[in-house]
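Subject: Two-chain model for you

Hello,

Here is the structure I promised to send over. Please open it first, then read the notes below.

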Amino acid sequence: SQQGEEDPQALSIQEGENATMNCSYKTSINNLQWYRQNSGRGLVHLILIRSNEREKHSGRLRVTLDTSKKSSSLLITASRAADTASYFCATDVGNEKLTFGTGTRLTIIP
Amino acid sequence: KAGVTQTPRYLIKTRGQQVTLSCSPISGHRSVSWYQQTPGQGLQFLFEYFSETQRNKGNFPGRFSGRQFSNSRSEMNVSTLELGDSALYLCASSFGLRGGDGYTFGSGTRLTVV
């Protein structure tokens with residue numbers, strides 16, 4: 001099974017609203033990363049949060065990490081139509097490959 | 001600076017054939033990783049190359065192979081293609097191993113096996 005599992009699998013919101021998606025993982029991590037993928041394209045790195053960090057911001061993105069619960073959340077504020085995409089979390093556990101979760105498909109309704 | 005370049009963008013092959021995909025990483029990146037993405041299985045790790053050496057390998061059959069050249073460019077090869085190999089193949093480069101500082105992905109090669 002996947003190291004990272006995103007929740008929800010799909011999310012539809014009105015433009016201007018905030019979008020929150022969650023990622024849970026199983027083993028201790030060095031860092032956790034979030035990526036965006038527009039339909040049929042490559043993934044774009046959004047933000048990296050290390051295991052000793054609790055929160056990080058980048059523009060309209062806010063990521064939190066709770067290592068005790070083995071979970072992370074990605075908040076996108078003031079959503080725009082261009083934010084429509086799939087969002088993946090990925091975990092770096094040290095000696096192995098970067099493992100991606102199952103993704104959340106976000107749709108922003110104009 | 002130039003991004004990660006994958007060629008070709010689209011391929012249609014017949015079962016039993018073989019295929020070679022190419023990836024040119026960002027200048028200065030020494031690690032190249034390959035992922036297979038399908039609707040059913042998501043993103044599955046194939047292998048990672050660093051300084052021309054395979055450093056990690058996923059759970060794929062031996063029909064999937066790769067290599068990396070001295071200029072960090074990488075190729076992956078799939079022999080004896082099966083219908084189930086139809087997927088988006090993504091290449092990602094990073095400065096360090098395992099994308100620990102974040103991957104830069106190419107746009108992918110869409111392989112269709114008929």
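What pattern does chain A follow when read along the sequence? The pattern is β-β-β-β-β-β-β-β-β-β-β. That comes to 11 strands and zero helices. Please keep in mind that this is a predicted model.

Chain A

Chain A has 110 residues, and 46% of them count as buried. Its radius of gyration is 13 Å, which agrees with the value near 13 Å that a compact globule of 110 residues would have. Along the principal axes, the C-alpha trace spans about 40 × 25 × 20 Å.

On contacts, I looked at pairs with a separation of 6 or more in chain A. Residues 24 or more positions apart account for 54% of these.

The accessible surface of chain A is about 5300 Å². Carbon and sulfur atoms hold 43% of that surface. Chain A carries 13 positive and 11 negative charges.

Chain B

Chain B also has its elements in the order β-β-β-β-β-β-β-β-β-β-β, counted from the N terminus. Its radius of gyration is 13 Å, close to the 13 Å that the globule rule gives for 114 residues, so chain B is as compact as a globular protein of that length. The tally for chain B is 11 strands and zero helices.

Buried residues make up 53% of the 114 in chain B. The C-alpha atoms fill a box of roughly 35 × 25 × 25 Å along the principal axes. Take the contacts in chain B between residues at least 6 apart in sequence: 55% of them join residues at least 24 apart.

About 5200 Å² of chain B is accessible surface, with 48% belonging to carbon and sulfur atoms. The charge count for chain B is 12 positive and 6 negative. Their mean positions are 3 Å apart.

The interface

Between them, the two chains bury about 1500 Å². Of that area, 48% is on carbon and sulfur atoms.

Best wishes

Key. Residues numbered from 1 in each chain as written. Chains lettered and ligands numbered in written order. Predicted model: local features only at pLDDT ≥ 70, side-chain atom pairs only at ≥ 80, totals over all residues. Heavy atoms only, no water. Helix = DSSP H or I, 4+ residues; strand = E, 2+ residues; numbered from the N terminus. Rg over C-alpha atoms; globule rule 2.2 N^0.38 Å. Buried < 20%, exposed > 50% of the residue type's maximum accessible area, 1.4 Å probe, protein only. Contact = heavy atoms within 4.5 Å. Areas by Shrake-Rupley, 256 points an atom, 1.4 Å probe, with all protein chains shown as cover. Lys, Arg positive; Asp, Glu negative; His and termini not counted. Charge placed at Lys NZ, Arg CZ, Asp CG, Glu CD. Buried area = accessible area lost by both parts, 1.4 Å probe.
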